[in-house]
Amino acid sequence: MSQKAPLSFTLVTGLMLFALFFGAGNLIFPAMLGQSSGTNLWSANLGFILTGVGLPFIGILAFGISGKNDVQSLVSRAHPMFGLIFTIVLYLSLGPLFALPRTGSVSYEIGIKPFLPDGVGFLPLLVFTIIYFGVACLLSINPSKVLDIVGKILTPLLLIFIAILIIVAIINPMGDIQAPIADYSDNSFFKGFKEGYLTMDTLASFAFGIIVINTIKDRGITSKKEILKFCTKAGLIAAFLLMIVYTSLTYVGATSVELLGQLGNGGDVLAQVSNHFFGSGGAVLLGLIVIAACLTTSIGLITACSTYFNKLWPSVSYKIFVVIFSAFSAAVANVGLSNLIEYTVPVLTALYPVAIVIIALTFLHPLFKGRSEVYLGSLFLTLIFGIYDGLIAFGIPKNPVTEFLTDYLPLFSVGVGWVIPAIVGGIIGYIVSLIKGQPVTN
């Protein structure tokens, strides 16, 4: 008989989820959002919260109702090959292509760069990333319980420091909020919506959802109703805390522009704000905590990616994957934080809509009785328009196709033109499945 989760267990799991989503790298995006959105910070922040907090929360719920135990089996509802490819791309994005190098870049930007003279060149970043990912590699080869303990200490320390910084900045703001820049003048909500992609937390929810499901099943709670209820409560705890932190950091970033000017990235914003309020001692403390917190995050990412790919290709040992991912991440991190974020945007612009539609279809799964054609039709058109949005984010010049879609496809002009095609693709898939017969429910 399935048990019920006690309140204390729900609270602990909610805090665990918050710690998983709140990687130190996520600090940089709301701070930069505030700088750019200025007086439109509240609408931009709402958009950011929807994709940076709301969607990850819904992603956790999707796993709760799906009954699946891993990402690949969930996504394979569309097609086994699609499930395999999506899962590989997901782990590469969360690992060596984007999220993993970002831990090194953020650590350098906040923990090292503020204490170096201007114009030092590429050498300090190169040396730091070699040391940083070398340590991460060694610890990932033989991960131990010590890392769990360190992580449990570092996350609270980081939160305490950030909480103090936020409170001081709100009580004694650095300056008046300035006018918004660029796209934040007219489409601040949708601009913030797309900036939320950069947290990568919706993608991470596919991996974290497994952790939550396994955690509750280990406690003897197997009823689908109880699992969903547990996921909802734990997810709401994590979502509430994330929303408070992100909104506060957005405000801090917005009030910093008058004194600091428009800076290159959120890491620079946090470092300078910390230095302003607490002096060099505060900046050093923030830097050390962020480096350590990023290191524990990177070890978790290296371990997760290496475990998955070792399972996929057993002929290559886990340790070899650890070395490969660590070395590759060190190389990518040397493009610098601002460039890394710039290169990440087009890929996430293409990938995120697919993840969002997978989550939506998971909730609607009983409605269309799991017909794989619905998944394929919706995801195919979503991917096509997501890729095109990604090309626009990459900077392709205006052309007749872009002009046509801007004029006739709803929401395309604000960067979410994939929504209508996703719905149309699902409808077409449903009609095809009715013609073929034999719906698949899994």
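At what angle do helix H5 and H13 pack, and how far apart are their axes? In this predicted model, helix H5, which spans residues 80-97, packs with H13 at an angle of about 150 degrees, and the two axes are 9 Å apart. Because angles over 145 degrees count as roughly antiparallel, H5 is roughly antiparallel to H13. The crossing in which H5 passes H13 is left-handed. On the side of H5, the contact is made by Leu84, Thr87, Ile88, Tyr91, Leu92, Leu94, Gly95 and Pro96. H13 contributes Leu301, Ala304, Cys305, Tyr308, Phe309 and Leu312 to this contact. Sorted by class, the contact of H5 with H13 comprises 12 nonpolar residues and two polar ones, with no charged residue.

The nonpolar cores were examined next. The largest nonpolar core holds 118 residues, of which Phe86, Leu203, Phe206 and Leu379 touch the most other members. Helix H13, residues 266-312, supplies the largest share of this core, with 14 residues. Apart from residues up to four places away in sequence, Phe86 touches Val71, Val75, Phe206, Leu351, Val354, Ala355 and Ile358. Phe206, one of these partners, is likewise named among the residues that touch the most other members of the largest core.

Two residues other than glycine have a positive phi, and each is placed in a loop between helices. For Met200, phi is near 65 degrees, a positive value. Met200 lies in the loop that joins helix H9 (188-195) and helix H10 (201-218). With a relative accessible area of 2%, Met200 is buried, because the cut-off for burial is under 20%. For Lys369, phi is near 55 degrees, again a positive value in a residue other than glycine. The loop that holds Lys369 runs between helix H15 (337-364) and helix H16 (372-394). Lys369 counts as partly exposed, at 48% relative accessibility.

A further residue considered is Thr402, which is placed in helix H17, residues 400-408. Thr402 counts as buried, since its relative accessibility is 8%. When residues up to four places away in sequence are not counted, Thr402 touches Tyr388, Ile392 and Phe412.

Definitions and conventions: Residues numbered from 1 in each chain as written. Predicted model: local features only at pLDDT ≥ 70, side-chain atom pairs only at ≥ 80, totals over all residues. Heavy atoms only, no water. Core = buried A, V, L, I, M, F, W, Y, C linked by side-chain atoms within 4.5 Å. Buried < 20%, exposed > 50% of the residue type's maximum accessible area, 1.4 Å probe, protein only. Helix = DSSP H or I, 4+ residues; strand = E, 2+ residues; numbered from the N terminus. Contact = heavy atoms within 4.5 Å. Axes fitted to C-alpha atoms, helices over the stretch in contact; angles between N-to-C directions. Parallel < 35°, antiparallel > 145°, perpendicular 65-115°, else oblique. Left-handed = near helix turned anticlockwise from the far one by under 90°. Nonpolar A, V, L, I, M, F, W, Y, C, P; charged D, E, K, R; others polar.
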